[in-house]
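Good morning, colleagues. Please look at the sequence and the structure as I bring them up, and keep both in view while I speak.

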Amino acid sequence: MYAEQIIKQWGEDNRLRAASMTDEPAFYRNLEQALDTRRQAQYFLNGKPRWDDSVADFTTGDFLSLARTGKLREAFLQELADNPDFEPGPSGSRLQYGNYPYIVQTEQEIAEFHNAETALIVNSTYAANLGVLSSVPLPGDAIVYDELVHASSHEGFRLSSAEHLVPFRHNDPDGLREVLSQLKSEHAAFAAGTQSVLICVESVYSMDATIVALQELVQVAKEVFPLGNAQFIMDEAHSAGVLGDKGRGLVSLLGLEKDIAIRIHATSKALGSVGGVVMCNKTVRHMMLNHARSLTFSCAPSFPMVASMRASIKLLRSGATVEAQERIQSNVKRLLHGLTTHPVWDEANDEGIISMPTLEDWESRPFQTQIVPLRTRPRHELFLFYHLIMNNINAYPIAYPVVPKGKSRVRLVVHAHNTPEEVDRVIAAVCGWAEEMLEIERGESEHELPKAARQAYAMQRALQT
């Protein structure tokens, strides 16, 4: 059973190592001591075994189920058949031999589909963020960012030439106005338009499922900087394929293509492929090609990678994914309704056993995100994870340092391939766990830990005997 396999691996991975390495070179012993700090917290990271279709998938990035169903594989193989003489490797960077006709044509098709002037394919969205942020901000410029932006953005900030790096309160237009107004009042170059402000936001924040208040943020930027020297960098990793007409993303859904200077899309999530795309105008593209060292000194994306991306974009353009988008919406609504109307939910929420940060007014939203974070008390995210996996449901626990201290959670990711029966299983499992935790809280149980956690820890102890 997958639960036994992954829990045993979890226990083995988190066994402390440094003390047993007295005869090993000090170099490795020092590294293991550093790793033991994560093991002590039960958050040592390692590759996890894949599961089969008997396990309900509420964790992968295959939102539209293009990879699981084989639709993308068929389209990809057709791309290969249509281009039988392709070279597997690019044999150079985009500035050299790697600028082959097929990748140029694919970028043109992507740009047209997303109503952008141009597009630039890169090896990952992480690399896209690094490439944009290391090349576009000029010395003296400012980067203003939502305090919950992705780790890749923070890595890009470190590589940036920007002089000012300022966060604003999460998804708060007033918070953005305060930061922009302060920059404008304290630095004449911003008021004169001779220095620029790059505003980094995400369409859907992957840990909290917050949908960016983009229209309001754009309006604030226009009001404070009417000269147009404040521009947005939008990471659409979790909206691409899921939101908008034929999955074009949130910017397209809101009709703001001309108001967002740079859009970064992932083809490695909903589109079932790999890599990322930067959509922008030619000026930004040229800045990246001239100043982004991650592009200049890397090989271009390979033909098979680009063929996979092109195959997924063709599926979107054809309308083949629209039904999958609708199933995601239906599944999320079923999940949210089932959880919040369950008899145990209100009490568990009131007692701090479980909560959802973006639950308020969910029924009135025009669309839902595929991410449903279940907040717990610290360490309890592991208890909920064990309970779910024992019920053959996979959704991973997340805690500090991935999220702030005290904001532990299990993140459910809903897909087109999740059946109504699987959604109902999740509802029953989550609420069953919450009821058990309430019984422990009230002193109605003889145990201090819930059943699944006791079983998991017993499995892990058995490995040490």
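UniProt, in an unreviewed entry, lists residues 57-429 as "domain: Aminotransferase class I/classII large"; its positions are given in the numbering used here, the feature name is shortened, and such annotations may be inferred rather than shown by experiment. The span 57-429 is 43% helix and 15% strand, and its end C-alpha atoms lie 14 Å apart. Helices (H or I, at least four residues) and strands (E, at least two) are DSSP runs, numbered from the N terminus.

A word on the basis of these values. This is a predicted model, in which local features need pLDDT of at least 70 and side-chain atom pairs count only at pLDDT 80 or more, while totals for chains, interfaces and linings use all residues. Residues are numbered from 1 along each chain as its sequence is written, and side-chain values use heavy atoms, with hydrogens and water left out.

Let me turn to strand β9. Residues 262-266 form this strand, and 5 of the 5 are buried, so β9 is largely enclosed by the rest of the structure. Here buried means under 20% relative accessible area, exposed means over 50%, and partly exposed is in between, with a 1.4 Å probe and protein chains only. From β9, Ile-262, Ile-264 and Ala-266 point one way, whereas Arg-263 and His-265 point the other way. How many bridges join β8 to β9? Strand β8 (residues 230-235) runs parallel to β9, and 3 bridges join them; two strands count as paired if DSSP finds at least two bridges between them. In that pairing, Asp-235 stands opposite Ile-264. Strand β10 (residues 276-280) pairs with β9 in the antiparallel sense over 4 bridges, and there His-265 faces Val-277.

Burial also marks helix α6. Of the 11 residues in α6 (residues 125-135), 9 are buried, among them Leu-130, Val-132 and Leu-133.

The loop between β13 and β14 holds Pro-401, which is joined to Tyr-400 by a cis peptide bond with omega of about 15 degrees.

Ser-91 has phi near 60 degrees and sits in the loop between α4 (71-82) and α5 (101-113). Asn-171, with phi of about 55 degrees, belongs to the loop between β4 (164-168) and α8 (173-186). Which of the two categories, buried or exposed, applies to Ser-91? Ser-91 is exposed, at 54% relative accessible area, whereas Asn-171 is buried, at 17%.

I come now to charged pairs. Side chains of opposite charge can pair when their charged atoms come close. A salt bridge is taken as a side-chain nitrogen of Lys or Arg within 4 Å of a carboxyl oxygen of Asp or Glu, and the count by this rule comes to 26. One of these links Asp-57 and Arg-68, with N to O at 3.8 Å. Asp-57 lies in β1 (residues 56-57) and Arg-68 in α3 (residues 66-69), so this pair ties together parts that are 11 residues apart in sequence. Asp-57 is buried, with a relative accessible area of 2%, while Arg-68 is partly exposed, at 33%. Another salt bridge joins Arg-169 and Asp-172, whose closest N and O atoms are 2.9 Å apart. Glu-444 and Arg-442 also meet in a salt bridge, at 3.1 Å from N to O. Glu-444 is exposed, at 53%, and Arg-442 is partly exposed, at 35%. Through shared partners, salt bridges join Glu-347, Glu-435, Arg-442 and Glu-444 into one network.

Finally, helix α2. Asn-30 is in α2 (residues 26-40) and is partly exposed, with a relative accessible area of 47%. Asn-30 and Ala-18 are 12 residues apart in sequence, and their C-alpha atoms are 7.7 Å apart. Leu-31 is also placed in α2 and counts as partly exposed at 43% relative accessibility. Thank you for your attention.
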